[in-house]
Amino acid sequence: MASSPHVEVKASGPLHVPGTSALPLTPRTAAMEAIEDILYGSLAGVIGKYIEYPFDTVKVRLQSQPDHLPLRYRGPIDCFRQSIRADGFLGLYRGISAPLVGAALETSSLFFFERMGREVVYKSGFTPKDEALPLGALWFTGAFSGAFTSLVLTPIELVKCKIQVPANDAGGTASAAPLRPVPVIKDIWRHHGFMGFWHGQLGTLIREAGGCAAWFGAKETTSKLFRDTNERKATSSAQLERLRADPLPLWQQAVAGASAGMSYNFLFFPADTVKSRMQTSPIGGGERNQQRSFAQETVALWRQAGIRGFYRGCGITVLRSAPSSAFIFMVYDGLKKYLPMQ
């Protein structure tokens, strides 16, 4: 959750954390906060997805090149060029309907479960409820959030990845991919059943638990650095109190959000690469269509390309995550501040 590590204790009433609601939460306030997490997180996630989706398509296509065929793309620019030549620019938005739903669910789940993680920390007794959580605890709540969110996200990402990446025929030529989620969902159900929708769950779990610890943790760490710097420049106690009560300037919020997105994507990118390869494998029978485990896919990629293979598309992913994550946090924090639910 985008909470600040600086707190202000009122003479009467509960603890107040600038940018969030009061703690401890009353039952009604807790319900309102949960609704805000879901609604505002969904809106922020949808906006972020529109910004990043073309780059995500390129990233998945780079990651998922088959190990039994020559590499189709030489790099991100070549992938952009070939994709636009084949399908036009809008082709980079192929299958965005499922990811939009996924982005809304993912982002709202992240903020919702992060709030639950903070409540777990407070109830554990490690941090008294009248104190702000230390940065280490906020990294934990991010991991807590990511672990639960991965269960929601894996089926959505499975459908997204299969739509984004054109299937290759025996000669390595891309064939037409389904343009709608429904045919893909039906194929997965027919060939692999209900649990088939969680193919790649381990990769998603590693990426989300570790990545979300970095996402929330890096955002809070950067925000704290900015706040400490701003407060050291205060020339009066009144100015200091105002700085502690007000949100950070927009450009500092953007930098903190961007650092969160870049940390999330870079630190656990190899797990995401393996997950993408698992989730873009062809559906159905046949020797080459057998679903590999996380370990099997890791070994196959290592044999094909070594360590570099695990970082295909990493640069473009880290770059696109900066504006996307910045917008997500700015939209979410702004809605929480200016449109609080009573």
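Lys-49 and Glu-52 sit three residues apart in helix H1, so about one helical turn separates them. In this predicted model, the two side chains form a salt bridge, with the closest N and O atoms 3.0 Å apart. Both Lys-49 and Glu-52 are buried. The pair belongs to a network of salt bridges with shared partners, which also takes in Asp-56, Lys-59, Glu-157, Lys-160, Arg-207, Glu-208, Asp-272, Lys-275 and Arg-320.

**Salt bridges**

A search of the whole structure gives 26 salt bridges.

| Pair | N to O distance | Burial |
|---|---|---|
| Lys-49 and Glu-52 | 3.0 Å | both buried |
| Glu-208 and Arg-207 | 2.8 Å | both buried |
| Lys-336 and Glu-33 | 2.5 Å | both buried |

Glu-208 and Arg-207 are joined side chain to side chain. Both are also members of the network that includes Lys-49 and Glu-52.

Lys-336 and Glu-33 form a salt bridge of 2.5 Å. The cut-off for buried is under 20% relative accessible area.

**Helix H4**

Helix H4 spans residues 135-164, 30 residues in total. Its end C-alpha atoms are only 37 Å apart. A straight helix would reach 44 Å at 1.5 Å a residue. Where does H4 kink? The kink lies at Leu-153, shortly before the proline Pro-155. Its angle is about 40 degrees. Of the 30 residues in H4, 21 are buried, so the helix is largely enclosed by the rest of the structure.

An unreviewed UniProt entry lists residues 91-113 and 133-153 under "transmembrane region". In the model, the span 133-153 is 90% helix and 0% strand.

**Contacts across the sequence**

Met-116 belongs to helix H3 (residues 97-124). Its relative accessibility is 36%, so Met-116 counts as partly exposed. Thr-141 comes 25 residues away from Met-116 along the chain, yet their C-alpha atoms are separated by 8.1 Å.

Cys-79 lies in helix H2 (residues 76-87). Its relative accessible area is 0%, so Cys-79 is buried. How far apart in space are Cys-79 and Gly-313, C-alpha to C-alpha? The distance is 9.9 Å, although 234 residues separate the two in sequence.

Tyr-311 sits in the loop between helix H10 (294-305) and helix H11 (314-338). Its relative accessible area is 34%, so Tyr-311 is partly exposed.

Definitions and conventions:
Residues numbered from 1 in each chain as written. Predicted model: local features only at pLDDT ≥ 70, side-chain atom pairs only at ≥ 80, totals over all residues. Heavy atoms only, no water. Helix = DSSP H or I, 4+ residues; strand = E, 2+ residues; numbered from the N terminus. Buried < 20%, exposed > 50% of the residue type's maximum accessible area, 1.4 Å probe, protein only. Expected span 1.5 Å × (residues − 1). Bend = angle between axes of the 7 residues up to and from the residue. UniProt positions renumbered as here; feature names shortened; annotations may be inferred. Salt bridge = Lys/Arg side-chain N within 4 Å of Asp/Glu carboxyl O.
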